[in-house]
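Dear colleague,

Please find the structure handed over below, together with the sequence. My findings follow directly after it, and I would ask you to read them with the model open.

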Amino acid sequence: MKFRILLFLFCITSLKSLASEFKHVVENDTTAVVSKDTTVSDTMLVYWTEKNTFGVNLNEVAFVNWNSGGNNSVSALLYASFQRDFEKDLTIWKNSASMRYGLNAQEGREMRKTEDELRLSSSFGFRTDSISNWYYSGKFSFNTQFSNGYKYPDTEVPISKFMAPGYTFLGVGTEFSHPEEDLTVYLSPLTFKSTFVLDQKLANEGMFGVEPAVTDQLGNIIKEGENLRTEFGFLVTSDFSKEVFDNINLNNQLSLYSDYLNKFGNIDVDWQLNVNMKVNDFVKANVGSHIRYDDDVKFKEDTNGDGKLETSGPRIQLKQMLGVGVVYEF
């Protein structure tokens, strides 16, 4: 009988101690889950957020006995984006990938490319306390294209290819992140920029800023052109999103880069401004513009009418977009 009483008191004491420990866990770690089936992977899922987007924009014009004239045409733009973000305590890690590819088919003309882009980005940051919006941050990004680019209507000589050019940025700095305003500003005084031109013909021509081939007086190549150009400079990026009206969202992305070693103060610009309008959960419309300027990107054109493309200097690149399509997000 005494043994049973002692055993009962022991059980009561153990349960009280266990309850005290459980309360301590809950008060000190709001993400902790006490379960006999809890694993490390289960708890890690709490800190990860993800978003996947797939979409297609279509545009079609057809004419039958239309006295004003016109050519039948069909355009399609396929795009996808993926986000994987990790946030725990004072640490944040953001990863994204986006792909876009567009084609246009017009009666009496070969199919032409209208959009071609592959972008990858990853940034890691930490802050000293949970109140500050400033992070010590490191950032990596990469972008190139999928297929050959041409100066239409000439489709024999490509002016760009996959990894010709390809760009990478790798740097460290500080980042301001304001979640309520959905504003991010990244400042990096130490950023390496690499430009890849893996097509030897384009590299020999010195396209996209790489060192061109060395030739003799007869035009014979003595030394092949370089396939890689590296720069070291200052990078500023900004990303701002805001719902300006119901179901109308404004997104502004700006990137500015200047090389310390070569023409410092000459700024490379990459600026995108998009307005996204939501019709319903699956149908969306967007209007946007994309402006680029890079002093190392030389353009080709037939300046004397001989049918051959000559290399000229850099120019402002401008692209405008208007589309309506089907989007699926999960």
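A search of the whole structure, which is a predicted model, finds 16 aromatic pairs. In one of these pairs, the rings of Phe 54 and Phe 82 have centres 5.4 Å apart and planes at 80°; the pair is therefore edge-to-face, since an angle over 60 degrees counts as such. The two residues come from distant parts of the chain, 28 residues apart: Phe 54 belongs to strand β1 (residues 48-61) and Phe 82 to strand β2 (residues 73-88).

Arg 100 lies over the face of Tyr 79, at 5.6 Å from the ring centre.

The side chain of Lys 193 is joined to that of Asp 268 by a polar contact of 3.1 Å. Leaving aside residues up to four places away in sequence, Lys 193 touches several others, among them Tyr 167, Phe 169, Arg 229, Glu 231 and Asp 294.

Some of these names return in the cavities. The whole structure holds 3 cavities of 30 Å³ or more, and about 90 Å³ of space lies in the largest cavity. Which residues line the largest cavity? They are Arg 229, Glu 231, Asp 259, Asn 262, Lys 263, Asn 266, Asp 268, Asp 294, Asp 295 and Asp 296.

Finally, Thr 237 is placed in strand β12 (residues 228-245). At 13% relative accessibility, Thr 237 counts as buried. A polar contact of 3.4 Å connects its side chain with that of Lys 139. Beyond residues up to four places away in sequence, Thr 237 touches Lys 139, Thr 184, Val 185, Tyr 186, Leu 254 and Ser 255.

Yours sincerely,
A colleague

Methods. Residues numbered from 1 in each chain as written. Predicted model: local features only at pLDDT ≥ 70, side-chain atom pairs only at ≥ 80, totals over all residues. Heavy atoms only, no water. Polar contact = N/O pair within 3.5 Å; in protein donor to acceptor, adjacent residues only side chain to side chain. Contact = heavy atoms within 4.5 Å. Phe/Tyr/Trp six-rings, centres within 6.5 Å; stacked < 30°, edge-to-face > 60°. Helix = DSSP H or I, 4+ residues; strand = E, 2+ residues; numbered from the N terminus. Lys NZ or Arg CZ within 6 Å of the ring centre and 35° of its normal. Buried < 20%, exposed > 50% of the residue type's maximum accessible area, 1.4 Å probe, protein only. 1 Å grid on protein atoms, 1.4 Å probe; cavity = no way out; pocket = protein on both sides within 12 Å on 5 of 7 lines; lining within 4 Å. Points joined across faces, edges and corners; volume = space filled by probe spheres on them.
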